[in-house]
Amino acid sequence: RPLVDECLRLRHQLLRELPAALRREPMALLLEPTVCLRTGAVTGARAQLRWPHPRLGPVGAAELYGLARETGTAQELERQALPLALEHLRTGLAAGSRLPVTVQLSASSLAQDFFVERLRDACTLADVPTRLLRIELRQDNPWPAPGLLQQRLHELSEAGIETVIGDINRWHLALQHLLGIPLAGLECSVAWARDQQSEPRARSALGALVRVGHTLGGSVGASGADTAEDLAWLRELRFDHARGAACGAPLPPAEFLAHARTRNARASKIDPHSI
């Protein structure tokens with residue numbers, strides 16, 4: 001009981017301090033590697049924000065977003081992620097890296113006026129090609145109307161910004177509405193995919209998800225791949241990429257570039273699926 005009370009006290013303290021911290025200081029950017037399951041190469045990164053709390057230490061991405069949602073500051077947090085990711089891409093281009101970065105945004109953000117135009121202008125100001133920026137839609141309420149969502153996805157595609165559909169099992173728009181929209185990929189969690197294996201119909205649905213993902217975007221991925229067994233199992237299911245502890249821990253931008261360069265130097269130069 002004392003331990004629970006202390007955890008609750010600390011969480012209430014974080015809830016009180018977060019709004020002021022977002023106005024006062026930038027969050028820290030970490031990059032989670034995305035690894036190709038066929039070659040072992042790092043093919044991109046997913047941006048995560050950490051709160052470097054002066055007394056309690058770093059607050060992780062999942063906890064930070066939960067705090068932001070409870071305090072009504074989720075959009076302020078997302079607004080910090082984009083310029084940090086673009087700065088990393090600009091630095092990476094100068095160092096010879098062309099690995100794309102995926103930034104999570106709430107699906108409700110797409111309902112904002114001139115949403116795509118602002119993204120495109122931000123890329124232009126940072127001198128970063130739009131094809132290196134990917135948007136993963138976080139599926140939170142309020143959910144945009146399907147027609148508006150489909151329109152915004154088309155506008156993103158026309159601007160050269162690819163979309164990642166994460167947590168596909170929670171996706172609210174029928175997949176047939178995505179036909180004709182080139183996606184960077186579809187993703188589900190390893191835990192959810194394993195749950196499907198316990199039911200024959202669900203196993204069929206999982207296979208259909210992989211086929212649909214390849215049809216829509218050519219890439220199907222999984223998050224939370226924490227063991228070598230997870231990676232081997234995903235390869236058997238013909239998943240294309242994965243994220244998680246088995247693929248590398250989130251790293252600061254400079255360390256991520258060095259890690260990706262080292263890993264890609266060891267990776268297979270031939271994709272067996274390309275033969």
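These entries go from ground rules to helices, then to a strand residue and salt bridges.

**Ground rules.** I am working from a predicted model, where local features need pLDDT of at least 70, side-chain atom pairs count only at pLDDT 80 or more, and totals for chains, interfaces and linings use all residues. Residues are numbered from 1 along each chain as its sequence is written, and side-chain values use heavy atoms, with hydrogens and water left out.

**Entry 1: helix H2.** I took helices (H or I, at least four residues) and strands (E, at least two) as DSSP runs, numbered from the N terminus. Which residues of helix H2 are buried? In H2, residues 61-71, I found Leu64, Tyr65, Gly66, Leu67 and Ala68. Buried means under 20% relative accessible area, exposed over 50%, and partly exposed in between (1.4 Å probe, protein chains only). Just after H2, I noted a positive phi of about 70 degrees at Gly72.

**Entry 2: H3 against H4.** I looked up how H3 meets helix H4, residues 115-126. Their axes come within 10 Å and cross at roughly 40 degrees. Axes here are lines fitted to C-alpha atoms, for helices over the stretch in contact, and angles run from 0 to 180 degrees between N-to-C directions. H3 and H4 are therefore oblique to each other. The cut-offs: under 35 degrees is roughly parallel, over 145 roughly antiparallel, 65 to 115 roughly perpendicular, and the rest oblique. H3 brings Leu82, Leu86 and Arg90 to the contact, and H4 brings Leu119, Ala122, Cys123 and Ala126. By class I get six nonpolar, no polar and one charged residues. Ala, Val, Leu, Ile, Met, Phe, Trp, Tyr, Cys and Pro count as nonpolar, Asp, Glu, Lys and Arg as charged, and the others, Gly among them, as polar.

**Entry 3: Ser223.** Ser223 lies in strand S8, residues 220-223. Is Ser223 buried or exposed? Its relative accessible area is 16%, so I logged Ser223 as buried. Leaving aside neighbours within four places in sequence, Ser223 is in contact with Cys188, Ser189, Val190 and Arg243.

**Entry 4: salt bridges.** I searched the whole structure and got twelve salt bridges. A salt bridge is a side-chain nitrogen of Lys or Arg within 4 Å of a carboxyl oxygen of Asp or Glu.

- Arg11 and Glu70 pair at 2.8 Å, N to O. Arg11 is in H1 and Glu70 in H2, so the pair ties together parts 59 residues apart in sequence. Arg11 is partly exposed at 24% relative accessibility.
- Arg38 and Asp240 pair at 2.5 Å, N to O. Arg38 is in the loop between strand S1 (28-36) and S2, and Asp240 in the loop between helix H8 (228-236) and strand S9 (241-242), so the pair ties together parts 202 residues apart in sequence. Arg38 is partly exposed at 26%, whereas Asp240 is buried at 8%.
- Arg90 and Glu87 have their closest N and O atoms 2.6 Å apart. Both lie in H3, three residues apart, about one turn of the helix. Arg90 is partly exposed at 39%, and Glu87 is partly exposed at 38%.

Salt bridges that share partners join Glu32, Arg46, Glu136, Glu187 and Arg243.

Methods
Contact = heavy atoms within 4.5 Å.
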